[in-house]
Amino acid sequence: MSFADSRFDADALRRRYDAEREKRLAGPRRDIADLTGTLSRYLDDPYTPVVTRHPVQDSVEVLVVGGGMAGIVAPAELRKAGVTDTRIVDAAGDFGGVWYWNRYPGAMCDVESLVYLPYLEELGYVPRDRYASAAEIWGHLRAVARHHDLYDTALFHTRVTGMVWESMSRGSPR
Ligand SMILES: Cc1cc2nc3c(=O)[nH]c(=O)nc-3n(C[C@H](O)[C@H](O)[C@H](O)COP(=O)(O)OP(=O)(O)OC[C@H]3O[C@@H](n4cnc5c(N)ncnc54)[C@H](O)[C@@H]3O)c2cc1C
């Protein structure tokens with residue numbers, strides 16, 4: 001079935017997402033979405049000093065937004081499949097995603113480490129605890145990123161503020 005034949009209705013899906021989003025923004029939760037208000041300081045990275053760099057103008061086969069667990073595993077697997085032209089951008093100062101941002105005392109996973117942590121066999125790493133601490137998870141994710149050479153092209157402290165879908169003729173996506 002081609003995309004043109006599909007009954008997928010992007011506008012209907014967007015309306016459904018917007019409706020669900022509205023439900024979650026009820027009451028004081030709306031303040032959380034206001035990133036210009038008092039909560040805006042949480043957009044800043046308290047852990048890694050921001051180093052100014054020159055703008056990067058680039059074209060890559062796969063751009064990964066976010067270097068959390070998913071943003072590490074996806075390009076690692078793509079590389080195994082022969083897709084090496086990838087770049088990861090993240091607003092954070094390093095890989096790790098939630099495990100970069102969340103460092104409060106006692107933070108840990110609630111799924112067993114042996115199941116939760118990716119590439120344990122590949123890196124020959126055995127988690128110290130049944131439920132790994134945030135620090136251990138973060139350390140392991142950075143080790144995975146190093147192992148798969150993901151640091152070379154990563155752009156940290158770089159926030160994606162917009163995306164434009166570049167469509168081919170007749171409106172079908174590439
Ligand atoms: C304390 C805690 C415990 C958890 N425990 C478990 C568990 O036991 N089991 C489990 O399955 N899950 C758990 N989770 C859920 C966890 O979120 C996922 O397991 C997983 O780590 C999410 O990875 P991710 O890459 O999808 O997203 P994230 O880790 O959220 O990474 C997203 C990244 O994208 C970046 N980003 C977002 N927007 C932009 C933008 N516009 N431009 C640039 N960068 C951007 C962010 O800075 C972030 O680094 C836990 C989460 C927390 C906080």
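What follows covers the ligand site, a histidine, some salt bridges and a few backbone details.

First, the ground rules. This is a predicted model, so local features need pLDDT of at least 70 and side-chain atom pairs count only at pLDDT 80 or more, while totals for chains, interfaces and linings use all residues. Residues are numbered from 1 along each chain as its sequence is written, and side-chain values use heavy atoms, with hydrogens and water left out.

**The ligand site**

Helices here are DSSP runs of H or I with at least four residues, strands are E runs with at least two, and both are numbered from the N terminus.

Y116 brings a polar side-chain atom to 2.5 Å from an oxygen atom of the ligand. On its own the ligand has 990 Å² of accessible area, and the protein covers 66% of that. Areas come from the Shrake-Rupley method with a 1.4 Å probe, and for residues only the protein chains shown count as cover.

**A histidine in α7**

Is H140 buried or exposed? H140 is buried, at 4% relative accessible area (buried is under 20%, exposed over 50%, partly exposed in between, with a 1.4 Å probe and protein chains only). This histidine belongs to helix α7, residues 134–147. Skipping neighbours within four places in sequence, H140 is in contact with L117, P118, Y119, L120, L123 and Y125, where contact means heavy atoms within 4.5 Å.

**Salt bridges**

Side chains of opposite charge can pair when their charged atoms come close. The rule used here asks for a side-chain nitrogen of Lys or Arg within 4 Å of a carboxyl oxygen of Asp or Glu, and by that rule the count comes to seven. Here are three of them.

| Pair | N to O distance | Relative accessibility |
|---|---|---|
| R24 and E20 | 3.1 Å | R24 48%, E20 32% |
| D58 and R87 | 2.7 Å | D58 46%, R87 15% |
| R130 and E112 | 3.0 Å | R130 57%, E112 32% |

R24 and E20 are four residues apart in helix α1 (residues 10–24), so about one helical turn separates them. Both also belong to a salt-bridge network with K23.

The D58 and R87 salt bridge has its closest N and O atoms 2.7 Å apart. D58 lies in the loop between α2 (29–33) and β1 (62–65) and R87 in strand β2 (residues 86–89), so this pair ties together parts that are 29 residues apart in sequence. D58 is partly exposed, whereas R87 is buried.

R130 and E112 form another salt bridge. Their pairing links distant parts of the chain, 18 residues apart: R130 in the loop between α6 (120–123) and α7, E112 in the loop between α4 and α5 (113–116). R130 counts as exposed and E112 as partly exposed.

R53 lies in the loop between α2 and β1 and is partly exposed, at 40% relative accessible area. Leaving out neighbours within four places in sequence, R53 is in contact with L155 and T158. R53 and L155 are 102 residues apart along the chain, with their C-alpha atoms separated by 9.9 Å. With T158, the R53 side chain makes a side-chain polar contact of 2.8 Å. A polar contact is a pair of N or O atoms within 3.5 Å; within protein, one must be able to donate a hydrogen and the other to accept it, and residues adjacent in sequence count only if both atoms are side-chain atoms.

Finally, the backbone. Most residues other than glycine have a negative phi. D149 has a positive phi of about 55°, and H157 has a positive phi of about 50°. D149 is in the segment after α7, and H157 is placed in the segment after α7 too. D149 is partly exposed at 44% relative accessibility, and H157 is partly exposed at 24%.
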